[in-house]
Amino acid sequence: MIFERASDVVLDDVFLRLPGFLATGEVFLKLEGLNPAGSVKLKTAVALIESMERAGSLRAGSRVIESSSGNLGVALAVACAARGYGLTVVTDPNAARHSLRVMESLGTDVVVINTRDAQGGYLHTRINYIHQRLAADPALVWPNQYANPAGVHAHRDRTAAAVHAGLGAVDALFVGCGTTGTLMGCVDYFGEHSPATRVIAVDSVGSVTFGAPAAPRFIPGLGASRRPEIFADGGGFEKTLIAEADTVAMCRRVAETYGLLVGGSTGTVLAAVRHLAPTLPEGARVAVISPDMGDKYIDTVYSDTWVTERYADVSGLASLGHATTT
């Protein structure tokens, strides 16, 4: 295959079966990290940029500004560089240093906001900063991933449709919640094309999206300190919350069992599959959206030092390998 832009390289048909993950049934990971941006957010970024181009708000020489905990920022950096747009990404200390360096290497200006908001997160303060920049420079363009329906449409027409085409009518689909664009797209698609499929939305303890109280979170990807505008709780899906310590333990279990480094969001969603396994029918076919890979989490989720500084008890720490110098 020959592509014209790096942002066009999206492999939507790659699934990895995880033998033995459930006592009965099969679990299939939809691997979304196999593209130049390294995450499912490349589809979101392209959809956001193209929607603004169609609306006429993006023209040659335009500059984009967006808030991101990492993955969308990298994806927008890929998309904007390929199209000749300048980009500023507003992020926070939880973003992986790897992601920040990738954005900077692609010509992105990165602004790290260190002030927490009233909910204990950074999202409100990141967005407040964007409003200040927009007021000072009306030429800036904000795609606003939290409110723009273009992301929802992309995941309905691409991500969800690819799951259905690749796996058929699965019994359950587990989807992590960050900005909730992937979730909302999957809910729309499966509600129409496979209504018997259970769609389970997975979020982190400390996120306010499902109405739970806010609390500090350290792993980027899932969760929010304000409910995204595109999130609509219409009853077409189930909801569950997973503690970050369980995320860490699951990421490490997958690494040592399947030889696959997954990102924090994937570990969270797989922990939810394990938690809800008793509610699944015998022989169930389960699909799991895996938003990114684990390389950018080496210094966080896969670091004993980082983990023990933040969580009181995480099972599986002893299973990590360690380098030996002789």
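The model is predicted: local features need pLDDT of at least 70, side-chain atom pairs count only at pLDDT 80 or more, and totals for chains, interfaces and linings use all residues. Residues are numbered from 1 along each chain as its sequence is written, and side-chain values use heavy atoms, with hydrogens and water left out. Helices (H or I, at least four residues) and strands (E, at least two) are DSSP runs, numbered from the N terminus.

**Helix H1**
- H1 spans residues 41-55 and has 15 residues.
- From first C-alpha to last, H1 reaches 21 Å, close to the 21 Å expected at 1.5 Å a residue (1.5 Å times one less than the number of residues).
- In H1, 11 of the 15 residues are buried, so the rest of the structure largely encloses it (buried means under 20% relative accessible area, exposed over 50%, partly exposed in between, with a 1.4 Å probe and protein chains only).
- The cover over the buried residues of H1 includes strand S2 (26-31), strand S3 (63-67), helix H2 (71-83), strand S6 (140-141) and helix H5 (149-167).

**Helix H2**
- H2 has 13 residues and reaches 19 Å, close to the 18 Å expected.
- Here 11 of the 13 residues are buried, so H2 is largely enclosed by the rest of the structure.
- Its buried residues pack against H1, S3, strand S4 (86-91) and helix H3 (97-105).

**Helices H5 and H6**
- H5 and helix H6 (residues 181-193) pack at an angle of about 55 degrees, with axes 7 Å apart (axes are lines fitted to C-alpha atoms, for helices over the stretch in contact, and angles run from 0 to 180 degrees between N-to-C directions).
- That makes H5 oblique to H6 (under 35 degrees is roughly parallel, over 145 roughly antiparallel, 65 to 115 roughly perpendicular, and the rest oblique).
- Residues in H5 including Gly 151, His 155 and Arg 156 meet residues in H6, among them Gly 181, Asp 188 and Tyr 189 (contact means heavy atoms within 4.5 Å).

**Two loop residues**
- Most residues other than glycine have a negative phi.
- Asn 144 has a positive phi of about 55 degrees although it is not a glycine.
- Asn 144 sits in the loop between S6 and H5, and at 15% relative accessibility it counts as buried.
- Thr 180, also not a glycine, has a positive phi of about 80 degrees.
- Thr 180 lies in the loop between strand S7 (172-176) and H6, and at 2% relative accessibility it counts as buried.
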